[in-house]
There are 2 protein chains.
Amino acid sequence: MSRVEKFTKQELLAVDAWWRANMYLSVGQIYLQENPLLRRPLSADDIKPRLLGHWGTSAGLGFIYAHLNRLIKKTGQSTIYIAGPGHGGPALVGASYLEGTYSDCFPKVTQDFSGMRRLFRQFSAPGGIPSHCSVTTPGSIHEGGELGYALSHAFGAAFDNPDLLVAAVVGDGEAETGPLEGSWKGISFLNPVHDGAVLPILHLNGAKIASPSVLSRKDPDEVTSLFEGHGYEVVWVEGDDLPWMHERFAAALAYCYDQIKDIQESARQGNWDGSRPIWPMIILRTPKGWTGPHQVDGKTVEGTWRAHQVPLSGVKQDPDHLKLLEEWMRSYKIEELFNEDGSPSELVESNNPEGDLRMSANPHANGGLLTKDLNLPDFKQYAVEVTPGSRASDRLESTRKLGEFLRDIYRDNPDNFRLFCPDETNSNRLGAVFDVSDRTFMERVNVIDEKLSPQGRVMEVLSEHNCHGWLDGYNLTGRHGMFASYEAFGMVSASMTMQAAKWLQEANALDWRAKVPSTNILLSSTCWRNDHNGFSHQAPELLQIVLNMRGEVGRIYLPPDANCLLAVSDHVFRTKNLVNLIVQDKQPQPQWLSMDEAIEHCNRGYGIWDWAGSDGLGDEDPDIIVACAGDVVTMEAVAAAEIVKTVCPQIKIRFVNVVNLTSLYRPKDHPSGMSTQHFKDLFTDDVDVIFAFHGYPGAIHQLVHGRPDADRFRARGFKEQGTTTTPFDMVVRNEIDRYHLVMDILNNAKRVPDNAIKLYRWCESQLARHQEYIVEHLEDMPEVRNWKLGSFEAPDLDANPNHSEAHVARPPLPDR
Amino acid sequence: MSRVEKFTKQELLAVDAWWRANMYLSVGQIYLQENPLLRRPLSADDIKPRLLGHWGTSAGLGFIYAHLNRLIKKTGQSTIYIAGPGHGGPALVGASYLEGTYSDCFPKVTQDFSGMRRLFRQFSAPGGIPSHCSVTTPGSIHEGGELGYALSHAFGAAFDNPDLLVAAVVGDGEAETGPLEGSWKGISFLNPVHDGAVLPILHLNGAKIASPSVLSRKDPDEVTSLFEGHGYEVVWVEGDDLPWMHERFAAALAYCYDQIKDIQESARQGNWDGSRPIWPMIILRTPKGWTGPHQVDGKTVEGTWRAHQVPLSGVKQDPDHLKLLEEWMRSYKIEELFNEDGSPSELVESNNPEGDLRMSANPHANGGLLTKDLNLPDFKQYAVEVTPGSRASDRLESTRKLGEFLRDIYRDNPDNFRLFCPDETNSNRLGAVFDVSDRTFMERVNVIDEKLSPQGRVMEVLSEHNCHGWLDGYNLTGRHGMFASYEAFGMVSASMTMQAAKWLQEANALDWRAKVPSTNILLSSTCWRNDHNGFSHQAPELLQIVLNMRGEVGRIYLPPDANCLLAVSDHVFRTKNLVNLIVQDKQPQPQWLSMDEAIEHCNRGYGIWDWAGSDGLGDEDPDIIVACAGDVVTMEAVAAAEIVKTVCPQIKIRFVNVVNLTSLYRPKDHPSGMSTQHFKDLFTDDVDVIFAFHGYPGAIHQLVHGRPDADRFRARGFKEQGTTTTPFDMVVRNEIDRYHLVMDILNNAKRVPDNAIKLYRWCESQLARHQEYIVEHLEDMPEVRNWKLGSFEAPDLDANPNHSEAHVARPPLPDR
């Protein structure tokens, strides 16, 4: 027997009325600026000057919503709604208006005549709301702009939310995108015991902007086969015959709900062999623009791409179209839907769930309401011991320390934290997490597998889109996480990072949106040490993208060592509504700062490293400033300064490291920006700065624009000069290695001693020797490979063999 | 009866020997720096110091290659090979070495002892080649770095190549990515008459870097169902039993070849009803690292993720591992594979196709060899007529003119040009192409459909990844095209654009790689006019990404009007090996330049528009320079200059427009960069510049770095301040509208007249009036909405109502 009672006649009437009210509001939002309740015949003046919005998908979205409401009322099931075709914003906005949530969030949009007028006028209008379902739509965790992420967001929301049902509508347009096609496999990672359920509803309304969709025109048997192949039980509902479509869809929903509950209850009672359940999904085929104008000007509109946006155009100018619009709107029988004062009728209201069960008011869709701070272990316990003397110690893999921190975060937050990574957790040296949680895997697990089980909660799938989308869904429902990727492949999901930032920026402007845990991204395996993979794996571009975000959302951290990485990580896990980008390599690297030093350094965001610069410089202006941001380039900068200090101690060097990149901005450009005084304290007014930067050097020019004498900043960085090479050769090719930096210092320092030219020539010869060495030995010269602070010994500059004939003198100013 | 004769014993021996030779070369590339033919027992000195590369997938890649060779020899079928799991570079490099192509391309890598030594040493080594299949791999059009694009590249190569077979190996790791999952539907767009065939070979080797793949662990019936759902006939080949696997795979290949030829011949003979054929595909299940070490240190390696990279580690240090390596290499029976001099044995050679039929030498995989210049109609025939007087005419949609040009390019190049667009061809005003070619669609076409047929050659699919990947495949096989997208969603495939640039940059360094048509990208529906869609549709970030490309590949054009768009488009279609980004809005816009003026302007890349600046300025230094790049901001800049010229004619304005953005770079930074003299001619040495820019303003700071007094450039641009609004309000919110620009001019001009303060106040009041107006009327003020050049009338500055109380004075310097 079903958990959902039979669909009664009264319920059918209520669902249908609710849907009609929703459709009426949808059409009104697209067309009307006045006369919202059609109290008088429509006139051209009632019509908005610009007709914008998407009608076509709205009808189906509202239909589904109406029926989910009825299911929720019957079952008390906590449910959120993901509108994949969220360009049908009118339906979702209208739904939350009917449920009263809209007025709760936007008190001026009241459930009466004036509120409805405001609802209509604000739609896709200045100072109003976008035509999509968006941040401003109560109940939404999914921007209806860039298509492709409905299902990955849905699964992200369901993880660790065992009592939640996520109804995810997928449009047949969106279904053509790669990210969406890649996200059906979410069920291969969804545990029926500790996760909630996702009910995908593929809405085949037949067309996109301008042409039919692929899935709507395939043989239906093929479509069934496709989704059975993904692992679903497919339930079809097709037609446009009313009221029978109501009957059929209600039955389909009830059936799917029963299947979901059967799966969950059985698994939770222990009757589960660990194999992946066959979860249900619905394929709903209804005409695009259902209930709208069937024909306009002799052309079929309903059921075609012509219904996509505004099916009746030129309404303000064309009396016939105006008449058609009025007929269309009146076809919903307004008098049954709204009371005299404009509030929803009792019949309509009777299809609204109560309180938090309203999908538009479900707290999971305003996840900040449910956010619990992480139980963060004391990050200092993972510290690498560093003393002034031990800065010269062996190299360590910094991200391993982060892995230990993440392990204990997993342990202490068993349902509030997840790591998302495309199959690279071990590769990125974060594998300690597997001590406390396996990789999640719902397909067959074999005896030879390690750290892999249905109970695991570490998310690995070879899909940056799934990883990012899952994290987004997890974050926006109030939980904490981190997406870790190879640096170059952070670009695969770059547009998702941008959209996440836009969401958070807009959310900041809405007081009813509670703040959610930040979008934390770790990029490891960076451009500078992807030697054997070559050029395709070298791209520090995501950093540039976060740099272009507004200061209220974007943060970039370039920790130079393990203790800084720990301090930065602890910080980002405490922040909300930010996009935090951390870039750090996974390879062994020198450890520079003690934990106390690291905390101070990271709190400030930048600092002078006296031990790396010239001795006894104090507050005196130096001859040159060597600055750096990024771990590998920091090592080169320290090594370069050491060479100069050893050979030409007369050159006074100030050494600056920047960990919070945006601290270089002016305060008016970014909240992390350092004051003019602090900037001068670091960089003086006029001393030349050699800046060794992890990313594209143009970013430094962008950052210091408007600072005193910005032209004196000579930035070196990644200039797409990568290839297959040894680790050190990578920096040589991009001319940001210690020898090139020494030459920069000698070229730009205020005062240079007599032996500078010899040192310059020695650097040239070292570069030439390097070239010869690596081709012969396939690895770097020992003095580079094994370098540690203090290991440099002054060379005999006069005994320098002439390797340098083939080399041109370094130009006096570094180019970008 | 099959077109492929029975697999003889002798062929089996040849295929097997070829494969073993290929495996031997693969292992050698990963491990050896000396002793390539094992003429003496392996010693630690023979082993490379760094062991890099991917063994796991190489065995399967070589197995498939060997069998394809046999098929080609039997049938003479022109075939190219796409290695989706291209991290198995050793197998593909080894294949082209065995075929002799490698020595043709790299004469030092001879087919003898010393050449083999070089082959091994260069692999994943300094100055050598990446561990992937890449640009340097003869026969490749597909970088084996970023996963996801194997099939979209394959289909792109097959379009309009009716005689070509593209064998596309898809790894089961790659198969998890969104872009790959979204690309199986290529057959819904592949015409059996005028296109070639794609044979996907899904290689289930079971694991990724660190864990099993989803598809390899699903119920095989589900997997079959999945691909039948995509529309394929699935042919399984499974096992590791030799020689039987040879028999089975040869039979499967022969069967698929027959099916493909049946489909093509039947369709080409006219026996085709237009429905989508059921194309064959192969699912090959073999162990990861097949034929490699089965167990190492007591742990199973073959068939697990442990075989992914280097299955035997520490070989230099561990004598047991060294011994295992030697046994492994000798297990391939070297003496049967290579002659005394190191050249391939006759048996191995006998499995090589001849000449251009070798997949490594197929000219389609070095597409520049086959590139024919486009038959370009004279673009001047689509010119908008503009005279100095008619600059004040009505606005036109510039991209419509491009649409007419594209229409005739389609007409005149029926098999050498395609437009790729995610369902937005009409939306972007390029719909004229449908006059000569339909949209391609192989699924069911209904009577109500328009411009849609299997014969169509305009590519629309709601997937930026497919569009970009198809274009890449089409370009790299030597044909011409354009990818058109909404500006914001150009970011969806941004990583593909970056990888395309890297490919072309590396190709430039290889003289044997013939140059191919450029990657042309048109971004329309830009951030400035995506008013109703709101914030999610506003992102000029791809421009920033192309800006960070090296000058030898990246080009950015911002045409201000239709004639410039035509001139730029004609140019980009004549270029090779570039990434050309064109950004232009689709909405009606003013037309500024006559065709002759446009040609001159675009040839130079920038220019002074005397008619927009102050009269009679000549060579005299102005008081202020107003510069702009981008169509919408150009309109605002022209309007701002007009206001100042009308009200404060004493302020001398020079007006500069930049169409080729990278011309602002210094010549040493970019080949398009303008000389210092030209820069001074435009921007003087010290006059302040107000720069109205289409993208993020930091880009301008990056571009002018190092120019005389770069700090005087005050850039305005997109600052993520977008929302849902009217067109003009969009520029107001980002403070780049005419009124803000006038205020900038007044704040920064060298000399300002007495009434400047009144004009400043008037601008403030206009902005306040604007705010009130749009909220009331939902559209822009008429004087803005209907503005044309010359329509501005001097206001009565003294009669100015006080709207401005709520406004703070503009700060003296524009922030970013």
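How far apart are the C-alpha centres of domain 1 of chain A and domain 3 of chain A? They lie 56 Å apart. Keep in mind throughout the tour that the model is predicted.

**Stop 1: the domains of chain A**

Colour chain A by domain. Domain 1 covers 9-364, domain 2 is made of 390-439 and 449-590, and domain 3 covers 605-786.

**Stop 2: a parallel sheet in chain A**

Show chain A as a cartoon and select strands E1 to E5. These five strands make an open sheet with parallel pairing, in the order E1-E2-E3-E5-E4. At the edges are strand E1 (79-83) and strand E4 (232-238) of chain A, each of which pairs on one side only. From one strand to the next, the twist averages 20 degrees.

**Stop 3: Val234 in chain B**

Switch to chain B and select Val234(B), which sits in strand E4 (residues 232-238) of chain B.

Next, display the contacts of Val234(B), leaving aside neighbours within four places in sequence. They are Thr224(B), Phe227(B), Glu228(B), Met281(B) and Ile283(B). Then draw a C-alpha to C-alpha distance from Val234(B) to Trp328(B): the two are 34 Å apart in space and 94 residues apart in sequence.

**Stop 4: a mixed sheet in chain B**

Stay in chain B and select strands E18 to E22. They form an open sheet of five strands with mixed pairing, ordered E18-E20-E19-E21-E22. Strand E18 (606-608) and strand E22 (713-716) of chain B are at the edges with a single partner strand each, so one side of each has no neighbour in the sheet. Direction ignored, neighbouring strands are turned by 20 degrees against each other on average.

Inside this sheet, strand E19 (residues 624-629) and strand E21 (residues 689-693) of chain B run parallel and are joined by five bridges. Pick Cys628(B) to find one such pairing: its bridge partner in E21(B) is Ala692(B). Helix H24 (residues 738-748) of chain B lies across E19, E21 and E22 of chain B, at about 160 degrees to E21(B).

**Stop 5: where the chains meet**

Show both chains and select the contact residues. The interface involves 110 residues of chain B and 109 residues of chain A. Several helices of chain B each supply at least two residues to the side that touches chain A, among them helix H16 (494-508) and helix H25 (756-777). Helix H9(B) gives the most to that side, with eight residues. Colour that side of chain B by class to find 33 nonpolar, 45 polar and 32 charged residues.

**Stop 6: the symmetry**

Finally, superpose chain B on chain A. This takes a rotation of 180 degrees with 0.0 Å of shift along its axis, at an RMSD of 0.0 Å. That is the relation of a two-fold axis. Of the interface residues of chain B, 99% are also interface residues in chain A, so the copies meet through the same surface.

Definitions and conventions
Residues are numbered from 1 along each chain as its sequence is written. Chains are lettered from A and ligands numbered from 1 in the order in which they are written. This is a predicted model: local features need pLDDT of at least 70, side-chain atom pairs count only at pLDDT 80 or more; totals for chains, interfaces and linings use all residues. Two strands pair if DSSP finds at least two bridges between them. Helices (H or I, at least four residues) and strands (E, at least two) are DSSP runs, numbered from the N terminus. Axes are lines fitted to C-alpha atoms, for helices over the stretch in contact, and angles run from 0 to 180 degrees between N-to-C directions. Two residues are in contact if their C-beta atoms, placed from the backbone, lie within 7 Å. Ala, Val, Leu, Ile, Met, Phe, Trp, Tyr, Cys and Pro count as nonpolar, Asp, Glu, Lys and Arg as charged, and the others, Gly among them, as polar. Copies are superposed by least squares on the C-alpha atoms of residues with pLDDT of at least 70 in both. Domain bounds come from an automatic or database domain assignment.
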